[in-house]
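Look over the sequence and the structure, then read the points below.

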Amino acid sequence: MVFVVMALAPSPALAGRWMQVSCVNPNGTAAPNDGWSGFSSGNPGGFSSNDNQCGPGTPMSAILSQFNPVPVGANEFLQYQPPSGSRLVGGTVDVDLDADGYGTDSGNPPKINAVAIAALYEPGLVFNSPSNLFFQCVAWLVACSKNTSDTLGFSGPISLPASRGGNLYLQAGCAAGDPNGACNTNARNGAWALAEVNWAHLLLVSNVAPEGTDFSGSALQRGARGMTHLVFTASDPGGPGVHAVTAKLGSKVVWSGVPNDNAGACVAVGTDPASGALMFDAPQPCLSTEVVDIPVPTRGFPDGAHELAVTVTDAAQNVSPVLDQTITTSNPQTTPVPRSRRAVHARFVISWSWAGRHTSLRSIKVQKLTRNAHVAVRCLGRGCPRLKVKS
């Protein structure tokens with residue numbers, strides 16, 4: 001067997017990457033075990049087991065129990081399968097591994113005919129393959145512990161290989177030696193072989209581009225006024241879901257946020273310091289499709305044409321510009337109606353526009369002005385032009 005340890009790759013590019021958290025969140029709270037399963041091979045016996053249930057203080061486990069001899073070729077496994085549309089490209093898994101058990105034949109002197117193994121594989125479960133097997137402890141053959149008092153065990157975080165893809169497997173098995181041999185001696189922690197997962201931070205890549213379709217709303221109508229709305233369908237087909245939407249009118253961001261937190265699953269539980277990827281504890285953190293209603297305030301903008309731009313960002317931080325359209329705004333100011341009985345019940349509709357430091361009065365319309373009344377327009381301040389008033 002080959003002993004291989006893969007070093008953590010350099011920090012990957014930020015775009016297109018997200019991280020799924022298993023068992024324990026960064027703040028110590030419980031995280032789900034989505035994507036994990038367990039299975040057996042060979043004939044490990046009724047006392048051996050695999051269990052993918054986990055939480056703070058409760059690891060997932062694959063155990064070859066010491067309560068019965070376990071033949072060569074018997075294994076218990078844990079498996080992680082990435083969500084559809086995402087690929088496993090790195091991360092960290094915190095494990096406890098023991099591989100102390102072995103077996104001997106009846107010769108004189110007896111010879112080793114079976115050894116325990118605790119190992120990790122990615123992308124496939126292919127034994128004795130350096131391109132799949134990347135970390136192992138093997139009784140009598142491979143010592144993997146940082147603790148010299150436990151030469152056949154390991155406890156702590158292991159960096160996953162970069163960009164291998166596929167699935168992640170953990171094995172507790174009885175291997176090597178005579179095919180008729182069995183692991184039946186030197187148990188540790190109640191097992192000939194043991195592989196436990198305390199928590200996992202699984203770095204995933206998704207190259208899906210978010211989309212936006214079916215745009216409508218008052219913001220797109222000619223002469224948009226006051227608080228308008230833009231309605232459209234945001235989607236992330238095959239990706240981890242729509243995480244954020246940003247709308248800009250001209251150079252000003254008028255709205256930015258998470259359109260739907262998906263009952264909290266779309267709220268990141270942290271940021272991975274090595275990769276910068278957002279961390280989520282669900283395999284589909286955000287909604288794949290969401291109808292978004294964005295408020296677009298137009299007051300304070302000069303009347304006329306403005307660029308309305310919208311971007312959609314998914315949970316893997318893939319960003320797509322989905323709208324870049326010129327809209328027109330019109331926000332004429334209307335004088336309030338006087339409340340006094342003796343006051344003149346007239347209304348003035350005034351249209352202004354601004355361009356830098358210059359203010360233009362486009363028009364004043366007067367409604368319900370009494371006879372013999374006069375309207376005067378004055379400009380106060382330096383640089384005032386002469387005004388021509390049309391009655």
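Q20 lies in strand 1, residues 17–22. Strands here are DSSP runs of E, at least two residues long, numbered from the N terminus. The model is predicted: local features need pLDDT of at least 70, side-chain atom pairs count only at pLDDT 80 or more, and totals for chains, interfaces and linings use all residues. Residues are numbered from 1 along each chain as its sequence is written, and side-chain values use heavy atoms, leaving out hydrogens and water.

**Around Q20**
- Q20 counts as buried because its relative accessibility is 2% (buried is under 20%, exposed over 50%, partly exposed in between, with a 1.4 Å probe and protein chains only).
- Leaving aside neighbours within four places in sequence, Q20 is in contact (heavy atoms within 4.5 Å) with residues including D34, Y80, P83 and H201.

**The salt bridge**
- The count comes to one salt bridge, defined as a side-chain nitrogen of Lys or Arg within 4 Å of a carboxyl oxygen of Asp or Glu.
- The side chains of D98 and R188 form a salt bridge at 3.5 Å, N to O.
- D98 lies in strand 7 and R188 in the loop between strand 13 and strand 14, so the pair ties together parts 90 residues apart in sequence.
- D98 is buried at 6% relative accessible area, while R188 is partly exposed at 32%.

**Around V231**
- V231 lies in strand 16, residues 227–235.
- V231 counts as partly exposed, at 25% relative accessibility.
- The C-alpha atoms of V231 and D214 are separated by 7.9 Å, and the two residues are 17 residues apart along the chain.

Conventions
Helices (H or I, at least four residues) and strands (E, at least two) are DSSP runs, numbered from the N terminus.
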